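Here is a short briefing on one protein model. Keep the sequence and the 3D view open while you read.

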Amino acid sequence: MSRPQTGYSEIELMRMAIDQARMAEEFGEVPVGCVIARGKEILAATHNRRILDDDPTAHAEIVAIRLAAEKIGDWRLQGCDMAVTLEPCCMCAGAIVLARIEKLIYGAPDPKAGAVDTLYRICNDTRLNHNPEVIGGVMAGECGEILSSFFRIRR
């Protein structure tokens with residue numbers, strides 16, 4: 001079975017995720033945005049919602065995975081690409097593997113909680129039953145600046 005093309009470049013997907021991160025900031029959420037695409041369809045475009053939902057697990061990636069799975073009616077997100085503005089944490093990296101995301105595109109590395117390349121390599125652990133393709137550092141400067149600016153203002 002051949003893999004459908006998203007119709008979106010990694011940069012286009014990241015720009016959409018950045019738009020979501022900026023929305024999160026308007027709500028006082030840590031500005032992380034996430035988009036999931038399959039074929040030429042955007043299945044989910046969302047952002048961190050921990051404050052909005054009173055949910056410690058409402059990271060952008062988790063919310064996006066839930067929305068995409070609901071939209072297609074299947075927990076397996078095979079053939080889907082995810083773009084997220086910040087390197088996923090352990091929880092999110094684990095969910096990406098479990099959801100069978102095909103390709104993970106992330107922006108800024110996370111030196112405090114990054115579980116894809118920085119502190120851990122969950123998505124590339126061959127002991128797990130799935131390993132998504134990982135492309136890190138896409139628009140990392142812009143993604144990192146959104147976060148730095150957010151925290152600079154609050155400190």
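This is a predicted model. Start with a pair of helices: α3 passes α4 in a left-handed crossing.

**Helices α3 and α4**

- Helix α3 covers residues 60-72 and helix α4 covers residues 90-98. Their axes lie 9 Å apart, at an angle of about 25 degrees. That angle makes α3 roughly parallel to α4, because angles under 35 degrees count as roughly parallel.
- From α3, the residues E61, I62 and I65 take part in the contact. They meet M91, C92, A95 and I96 of α4.
- α3 is 13 residues long. Its first and last C-alpha atoms are 18 Å apart, close to the 18 Å expected at 1.5 Å a residue.
- Buried residues of α3 are A60, E61, I62, V63, A64, I65, A68 and A69.
- G73 follows α3 and has a positive phi, near 70 degrees.

**Helix α5: length and faces**

- Helix α5 runs over residues 140-154, 15 residues in total. At 1.5 Å a residue it should span 21 Å, and its end C-alpha atoms are 21 Å apart, so the two values agree.
- Which residues of α5 are buried? They are C143, G144, I146, L147 and F150. These residues cover an arc of only 150 degrees around the axis, which puts them on the same side of α5.
- An α-helix has 3.6 residues a turn, so residues three or four places apart point the same way.
- Turned away from the buried side of α5 is a face with the exposed residues G141, R152 and I153.
- The cover over the buried residues of α5 includes α1 (10-26), β3 (80-86) and β4 (103-108).

**Helices α1 and α5**

- The axes of α1 and α5 cross at roughly 10 degrees and come within 10 Å. The two helices are therefore roughly parallel to each other.
- On the α1 side, M14, I18, R22 and E25 make the contact. On the α5 side, E142, C143, I146, F150 and R154 do.

**Residue R15**

- R15 sits in helix α1. Is R15 buried, partly exposed or exposed? Its relative accessible area is 49%, so R15 is partly exposed.
- R15 and V84 are 69 residues apart along the chain. Their C-alpha atoms are separated by 9.7 Å.

**Residue H47**

- H47 belongs to strand β2. With a relative accessible area of 5%, H47 is buried, because buried means under 20%.
- Beyond its neighbours within four places in sequence, H47 is in contact with Q20, M23, A24, F27, V32, G33, L52 and A60. Among these, A60 is also one of the buried residues of α3.

**Residue I105**

- I105 is part of strand β4. Its relative accessibility is 0%, so I105 counts as buried.
- What does I105 touch, not counting residues up to four places away in sequence? The contacts are E10, L13, M14, M82, A83, V84, I135 and V138.
- M91 is 14 residues from I105 in sequence. In space, the C-alpha atoms of I105 and M91 are 17 Å apart.

Terms used:
Residues numbered from 1 in each chain as written. Predicted model: local features only at pLDDT ≥ 70, side-chain atom pairs only at ≥ 80, totals over all residues. Heavy atoms only, no water. Helix = DSSP H or I, 4+ residues; strand = E, 2+ residues; numbered from the N terminus. Expected span 1.5 Å × (residues − 1). Buried < 20%, exposed > 50% of the residue type's maximum accessible area, 1.4 Å probe, protein only. Arc of directions from axis to C-beta. Contact = heavy atoms within 4.5 Å. Axes fitted to C-alpha atoms, helices over the stretch in contact; angles between N-to-C directions. Parallel < 35°, antiparallel > 145°, perpendicular 65-115°, else oblique. Left-handed = near helix turned anticlockwise from the far one by under 90°.
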